[in-house]
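Student: I would like to learn how to read a fold from its coordinates. Can we work through one model, feature by feature?

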Amino acid sequence: MTLRSRLSRREILLAPGVADPLTALLATEAGAEAVYLSGAAIAYTRLGRPDIGLVSMSEVAEVVALVRDRVETPLIVDADNGYGNALNVQRTVRTFARSGASAIQLEDQSYPKRCGHLQEKRLISAGEMVGKIKAACDARPSDELLVIARTDAVAVEGLDRALERAEMYRDAGADVLFVEAPGSLSQLEEIPRRIGGGLPLMANMVEGGLTPVVNAGELEKMGYALVIFPGGVVRAMANTAREFYRTLVANRSSDAFRDRMLDFAGLNAVVGTPDMLRLGKQYEEGK
């Protein structure tokens with residue numbers, strides 16, 4: 001089933017955030033129908049830095065290709081603001097498509113770009129963003145590669161203007177609309193009331209962010225078709241890793257943490273080591 005056809009179904013699609021092939025594999029094994037490759041998660045894990053536009057297009061493309069080599073799950077890719085103007089957007093779309101993206105999310109932020117749940121964001125004009133969406137649609141290899149149009153205007157220009165922008169992006173050819181960071185439950189509910197009924201709407205659940213965290217079932221009732229939990233896995237991993245390292249340094253042993261870890265054999269089972277070794281033997285010395 002393609003991502004486009006899945007979004008046409010009534011049931012909301014939950015796409016967990018991933019940062020690399022391992023988290024994509026674990027999400028897939030848990031039953032995720034799609035995964036969301038978060039630019040923030042890449043910044044956190046590859047750079048140990050905040051989501052403020054430090055990750056380059058080529059770095060994201062490399063992760064996309066690595067994830068696609070490991071799982072076949074539909075992959076929604078955070079492309080920030082396309083890494084430049086409309087021509088940069090086209091190169092980004094072509095590159096991510098070749099790497100294995102199923103959908104590409106573009107936002108209307110300027111530079112320096114920030115995580116959607118940080119303050120002091122800056123926007124490009126709605127007209128410039130319309131041009132970027134049209135450029136993205138023209139550059140994609142087929143209509144099966146979805147273009148998700150995100151507006152960060154709620155925090156800068158208010159909800160009314162954000163919804164006006166979303167409607168402009170719809171008319172420009174976007175496949176999915178994403179109004180980022182509504183600041184209250186009432187705003188979260190108002191978005192599908194005012195622009196729902198046409199394109200699929202996407203919601204973003206960030207633990208501790210600006211938007212109240214609501215479960216997928218409630219979002220479906222509101223009228224959303226897609227929900228992402230983009231950075232939750234990294235927050236969980238960071239908290240666990242911090243506790244592990246503190247325990248290890250304090251106790252000079254990992255024994256106190258053993259019941260919260262996969263052991264050597266357990267992790268090898270997850271990543272498929274036995275299967276890979278068996279496969280390798282088939283090719284040894286022409287066997």
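Student: Is A181 buried or exposed?
Tutor: Start with the scale: buried means under 20% relative accessible area, exposed over 50%, and partly exposed lies in between, with a 1.4 Å probe and protein chains only. A181 has 4% relative accessibility, so A181 counts as buried. A181 sits in the loop between β6 and α9 (185–195). Here helices are DSSP runs of H or I with at least four residues, strands are runs of E with at least two, and both are numbered from the N terminus.

Student: What should I know about the source before going on?
Tutor: This is a predicted model, where local features need pLDDT of at least 70 and side-chain atom pairs count only at pLDDT 80 or more, while totals for chains, interfaces and linings use all residues. Residues are numbered from 1 along each chain as its sequence is written, and side-chain values use heavy atoms, leaving out hydrogens and water.

Student: What is phi like at A181?
Tutor: The general idea comes first. Most residues other than glycine have a negative phi. The phi of A181 is near 60 degrees, a positive value in a residue other than glycine. R252 also has a phi near 60 degrees, again positive and again not glycine.

Student: Where is R252, and is it buried or exposed?
Tutor: R252 is in the loop between α11 and α12 (264–271). Its relative accessible area is 76%, so R252 is exposed. Helix α11 (residues 232–251) holds Y245. Y245 has a relative accessible area of 52% and therefore counts as exposed. From Y245 to F257 is 12 residues in sequence and 9.8 Å in space, C-alpha to C-alpha.

Student: Now the strands. In what order do they close into a barrel?
Tutor: Pairing needs a rule: two strands pair if DSSP finds at least two bridges between them. Eight strands close into a barrel here, in the order β1-β2-β3-β4-β5-β6-β7-β8, with parallel pairing. The twist averages 25 degrees from one strand to the next. Axes are lines fitted to C-alpha atoms, for helices over the stretch in contact, and angles run from 0 to 180 degrees between N-to-C directions.

Student: How many bridges link β1 to β8?
Tutor: Four bridges pair β1 (residues 13–18) with β8 (residues 226–229) in the parallel sense. L14 faces V227 of β8. On to β2 (residues 35–37): two bridges join it to β1, in parallel. There, V18 is opposite L37.

Student: Which strands flank β3 through bridges?
Tutor: β2 and β3 run parallel, joined by three bridges. L37 has V77 of β3 as its bridge partner. Three bridges also join β3 to β4 (residues 103–107), again in parallel. V77 stands opposite I104 in β4.

Student: Which way do the residues of β3 point?
Tutor: In β3 (residues 75–78), L75 and V77 point one way, I76 and D78 the other, and all are buried.

Student: How do I read the handedness of a crossover?
Tutor: Point the strands away from you. The crossover is right-handed if the path from the first strand over the helix to the second runs clockwise. β1, helix α2 (residues 21–29) and β2 make such a right-handed β-α-β unit. So do β3, helix α5 (residues 86–99) and β4.

Student: At what angle do α3 and α4 cross?
Tutor: The axes of α3 (residues 39–47) and α4 (residues 57–70) come within 11 Å and cross at roughly 95 degrees. That makes the two helices roughly perpendicular. The classes are under 35 degrees for roughly parallel, over 145 for roughly antiparallel, 65 to 115 for roughly perpendicular, and oblique for the rest.

Student: Which residues make that contact?
Tutor: Contact means heavy atoms within 4.5 Å. α3 supplies I42, R46 and L47, and α4 supplies E59, V60, E62 and V63.

Student: What does A216 touch?
Tutor: A216 belongs to helix α10 (residues 216–222). Beyond its neighbours within four places in sequence, A216 is in contact with I12, L14 and V227. Its relative accessibility is 16%, so A216 counts as buried.
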